[in-house]
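Please open the model in your viewer and keep the selection panel at hand.

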Amino acid sequence: MEVYIGEIKDKKGGEIKFHLVEDWSDLGLDGQSLGCIGPVTLDGRVTCTGEIFLVKGTVTTKVTAACSRCLGSVELHLTAQVDERFRKASHPHEQDPVREQEIDENDWGNEDIQEFRGLTIHLDDVVTENLVVSLPIKPLCQEDCRGLCPLCGHDLNDGDCDCTIDTIDPRMSKLQQLLDSND
Ligand SMILES: [Zn+2]
Ligand SMILES: [Zn+2]
């Protein structure tokens, strides 16, 4: 995902609206797929404020995740806000890594501003980051998912299994044995 800012590169207050749609179903994220099962849509605008290009927008997509209780697959509609600042790399042809480090340590580097080269701002990373943050920590296939039987692994949403789950605290079972033997 990228947006071309050539038309506003020197135009303070210039704005470009964009509507980007991409298929990310094969996108890997640190080796772990985001699990997109629908297109990723980014609606937003980029505004030139002088040296800084503000990118604001809303990203939506549909992903699959595993239910945290029954491990069944869950479809999740994700919506995330993108609000990032970019500036043109100050040394477009600089390849020296030491110099890069110096740039990162100056005043600009301390602020959360990303650099871009040329006239195109690449948005894949910020879009991915914001989508990942919007993922629920414990997705559920349904609010009252009953999960799996801890003994046989049966999906309790499909009905009860034949296991009898002893509700007695294991630390109390010794006591229970004593009580039983006294009968
Ligand atoms: Zn579930
Ligand atoms: Zn069971």
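The stops below cover a metal site and then an aromatic pair.

The model is predicted. Begin by selecting the zinc ion (ligand 1) together with its protein donors, which are the SG atoms of Cys 67, Cys 70, Cys 141 and Cys 145. These donors lie 2.3 to 2.4 Å from the zinc ion. What is the geometry of the site of the zinc ion (ligand 1)? The site is tetrahedral, the angles among the four donor atoms being 106 to 115°. Along the sequence, the donor residues follow the spacing C-x2-C-x70-C-x3-C.

Cys 67 counts as buried, at 1% relative accessibility. Cys 145 is likewise buried, with a value of 5%.

Now move to the aromatic rings, where the count comes to one aromatic pair. Select Phe 53 and Phe 116: their arrangement is edge-to-face, with 5.6 Å centre to centre and 80° between the planes. Because Phe 53 lies in strand β6 and Phe 116 in strand β8 (residues 113-116), this pair ties together parts that are 63 residues apart in sequence.

Finally, colour these two residues by accessibility. Are they buried or exposed? Phe 53 is buried, its relative accessible area being 1%, and Phe 116 also counts as buried, at 5% relative accessibility.

Methods
Residues numbered from 1 in each chain as written. Chains lettered and ligands numbered in written order. Predicted model: local features only at pLDDT ≥ 70, side-chain atom pairs only at ≥ 80, totals over all residues. Heavy atoms only, no water. Donors = N, O, S within 2.8 Å, 3.2 Å for Na, K, Ca; no water. Tetrahedral: all angles 85-135°; square planar, octahedral: opposite > 155°, others 65-115°. Buried < 20%, exposed > 50% of the residue type's maximum accessible area, 1.4 Å probe, protein only. Phe/Tyr/Trp six-rings, centres within 6.5 Å; stacked < 30°, edge-to-face > 60°. Helix = DSSP H or I, 4+ residues; strand = E, 2+ residues; numbered from the N terminus.
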